[in-house]
Amino acid sequence: MKDDILKVLLTEEELQAKVKELGAQITEDYQDKKLLLVSVLKGSVVFMADLMRAIDTYCRIDFMNVSSYGSGTKTTGTVKIIKDLDIDIAGYDLLIVEDILDSGKTLSYIKKILMERKPNSIKICTLLDKPERRQVPDIKADYKGFIVPDEFVVGYGLDYAETYRNLPYLGVLKPEVYSK
Ligand SMILES: O=P(O)(O)OC[C@H]1O[C@H](OP(=O)(O)OP(=O)(O)O)[C@H](O)[C@@H]1O
Ligand SMILES: Nc1nc2[nH]cnc2c(=O)[nH]1
Ligand SMILES: [Mg+2]
């Protein structure tokens, strides 16, 4: 698997340090709130698992599965709900946890449908932001780890054709991997 990586963009240490920083900020901001962390499957699970342990205040967690990329590297533009939340979110302070904000279609769709359910507040925490590829201009992250260049990145939860999610770092694949 390592042989498929062209370059490492963010090391395991850099990722872990940033997650600690984000967790500390969220801990401070949500002291007197009813925090519900909403992880968007599957990409955000690795970040979510680390982030929730870096947060030192009361919180609950829930998961939603939405998919728009299929097995390719380009958004299909259509976001589908595959699994909805279990919890009724009325009265909660939601923090949507995402691995990457790219075209913005996934997060703008999720934010819109969750706002209709009248939570107390909704904010977005994304580990990665790829602003050069944005198609929905008004979607912004309230907490952001790193800005990444316009390249398809894998690892730390992010996949190519459902593979590479288990890499502990973030990297870019060699071009020949896509023609396999
Ligand atoms: O800003 P966007 O262009 O919408 O892209 C971001 C979304 O794309 C990926 O999910 P994907 O739909 O590939 O599913 P996955 O999380 O299961 O990999 C990623 O995890 C984000 O959720
Ligand atoms: N794996 C992966 N999924 C994405 N979804 C949106 N952008 C990306 C990306 O750069 N990599
Ligand atoms: Mg995702």
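This is a predicted model: local features need pLDDT of at least 70, side-chain atom pairs count only at pLDDT 80 or more; totals for chains, interfaces and linings use all residues.
Let me begin with overall dimensions: the protein chain has a radius of gyration of 16 Å, and because a compact globule with 180 residues would have a radius of gyration near 16 Å, the two values agree.

On confidence, the mean pLDDT of the protein chain is 95, with 98% of its residues reaching 70 or more, and the model as a whole scores ipTM 0.98 and pTM 0.95.

Turning to the fold, the protein chain comprises three helices and nine strands, and if you follow the elements from the N terminus, their order is β-α-β-α-β-β-β-α-β-β-β-β. Of the contacts in the protein chain that join residues at least 6 apart in sequence, 67% are between residues at least 24 apart, and 31% of the 180 residues count as buried.

Now to the interior. In soluble globular proteins, nonpolar side chains tend to be buried together. Here the largest nonpolar core has 38 residues, and within that core L95, I96 and V97 have the most contacts. Two or more residues are contributed by each of several elements, including the helices α1 (12-29), α2 (45-53) and α3 (105-115), and the strands β5 (93-101) and β6 (121-129). Which element supplies the largest share of this core? That is β5, with six residues.

In α3, the residues K105, T106, L107 and I110 are buried, and here the cover includes β2, β3 (59-67), β5 and β6.

I would like to set two individual residues side by side. The first topic is G145, which lies in strand β7, residues 143-147. Is G145 buried or exposed? G145 is buried, because 23 other C-beta atoms lie within 10 Å, and the cut-off for that label is 20 or more. Leaving out neighbours within four places in sequence, G145 is in contact with K18, L22, L127 and L128; of these, K18 is 127 residues away in sequence, yet the C-alpha atoms of G145 and K18 are 6.2 Å apart in space.

E21, by contrast, is found in helix α1, and E21 is partly exposed, because 13 other C-beta atoms lie within 10 Å. E21 and V40 are 19 residues apart in sequence, and their C-alpha atoms are 21 Å apart in space.

Finally, I come to ligand 2. Nine residues lie around ligand 2, and among those nine I100, D102, F152, V153 and L158 come nearest. How many of the residues in the shell around ligand 2 are nonpolar, polar and charged? The shell around ligand 2 divides into seven nonpolar residues, no polar ones and two charged ones.

Notes: Residues are numbered from 1 along each chain as its sequence is written. Chains are lettered from A and ligands numbered from 1 in the order in which they are written. A residue is near a molecule or strand if its C-beta atom, placed from the backbone, lies within 6 Å of it. Ala, Val, Leu, Ile, Met, Phe, Trp, Tyr, Cys and Pro count as nonpolar, Asp, Glu, Lys and Arg as charged, and the others, Gly among them, as polar. Helices (H or I, at least four residues) and strands (E, at least two) are DSSP runs, numbered from the N terminus. The radius of gyration is taken over C-alpha atoms; the globule rule is 2.2 Å times the number of residues to the power 0.38. A residue is buried if 20 or more other C-beta atoms lie within 10 Å of its own, exposed if 12 or fewer, and partly exposed in between; C-beta atoms are placed from the backbone. Two residues are in contact if their C-beta atoms, placed from the backbone, lie within 7 Å. A nonpolar core is a set of buried Ala, Val, Leu, Ile, Met, Phe, Trp, Tyr and Cys residues joined through C-beta atoms within 7 Å. pLDDT is the predictor's confidence in each residue, from 0 to 100.
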